[in-house]
Amino acid sequence: MPLSPGTTLGPYTAVRDLGHKHHGSRLSKEIAVSKKMFGRARKTVDVSVGESVRIIRELQEMSQNDLVRMTGIPQSTISAVENDRVNLGVERAKVIARALKCHPAVLVFPGWELGKDTAA
């Protein structure tokens, strides 16, 4: 089955058909993965700060209680952050990011794109 335009592969979306090549009696897929053959995938979901904390925590198969043990932040506060009832804040972001082994900016600016916003 060829990769048709619109097929997503990682952060890229196919912009042209990769097709098939015929080798003797076998039909095999052409495997030619190159950034030239793909364009950036469009963002499809906006994620809040709290959702980014929850997603990264769950991807690492951590419970809120695991995060409590690693950070010393009360479970009620972690829950409130994940449900966007309490602001994450810089210091809390640093502590949680260290426990989740990610950069604090990943938590604080989940939907930020280079060149999109300006400070004026």
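**How the helices pack**

Reply: Let's start with a pair: the axes of H2 and H3 come within 9 Å of each other and cross at roughly 120 degrees. That crossing of H2 and H3 is right-handed. On the H2 side, the residues involved are Gln64, Asn65, Leu67, Val68 and Thr71, and they meet Gln75, Ile78, Ser79 and Glu82 of H3. Sort the residues of this contact by type and you get three nonpolar, five polar and one charged.

Before going on, keep in mind that this is a predicted model. The chain has an average pLDDT of 76, and 57% of the residues score at least 70.

Now for where our helices sit in the chain. There are five helices and five strands, and from the N terminus the order goes β-β-β-β-β-α-α-α-α-α. Of the 120 residues in the chain, 25% are buried. As for contacts between residues at least 6 apart in sequence, 47% of them join residues at least 24 apart.

Back to H3, which covers residues 75-82. Six of its eight residues are buried, so H3 is largely enclosed by the rest of the structure. The buried ones are Thr77, Ile78, Ser79, Ala80, Val81 and Glu82. And what do they pack against? The buried residues of H3 pack against H1 (49-59), H2 and H4. Just after H3 comes aspartate 84, with a positive phi of about 55 degrees.

H2 has another partner to look at. H2 (residues 64-71) also packs with H4 (residues 90-100), at an angle of about 110 degrees and with the axes 10 Å apart. That angle makes H2 roughly perpendicular to H4. Here, too, H2 passes H4 in a right-handed crossing. The residues that meet are Leu67, Met70 and Thr71 from H2, with Val95, Ile96, Ala99 and Leu100 from H4. By type, this contact has six nonpolar residues, one polar and no charged. Notice that Leu67 and Thr71 of H2 turn up in the contact with H3 and again in the contact with H4.

If you're wondering how residues spaced along a helix can face one partner, here's a handy rule. An α-helix has 3.6 residues a turn, so residues three or four places apart point the same way.

Let's zoom in on methionine 70, which has its place in H2. Its relative accessibility is 44%, so methionine 70 counts as partly exposed. Leaving out neighbours within four places in sequence, methionine 70 is in contact with Met62 and Ala99. Methionine 70 and alanine 99 are 29 residues apart in sequence, yet their C-alpha atoms are 6.1 Å apart in space.

Over in H4, have a look at alanine 93. With a relative accessibility of 1%, alanine 93 counts as buried. Not counting residues up to four places away in sequence, alanine 93 touches Leu88, Pro104, Leu107 and Val108. Valine 49 lies 44 residues from alanine 93 in sequence, with a C-alpha to C-alpha distance of 9.9 Å.

To put the picture together: H2 crosses H3 and H2 crosses H4, while the buried residues of H3 pack against H1, H2 and H4.

Conventions:
Residues numbered from 1 in each chain as written. Predicted model: local features only at pLDDT ≥ 70, side-chain atom pairs only at ≥ 80, totals over all residues. Heavy atoms only, no water. Axes fitted to C-alpha atoms, helices over the stretch in contact; angles between N-to-C directions. Helix = DSSP H or I, 4+ residues; strand = E, 2+ residues; numbered from the N terminus. Parallel < 35°, antiparallel > 145°, perpendicular 65-115°, else oblique. Left-handed = near helix turned anticlockwise from the far one by under 90°. Contact = heavy atoms within 4.5 Å. Nonpolar A, V, L, I, M, F, W, Y, C, P; charged D, E, K, R; others polar. pLDDT = per-residue confidence, 0-100. Buried < 20%, exposed > 50% of the residue type's maximum accessible area, 1.4 Å probe, protein only.
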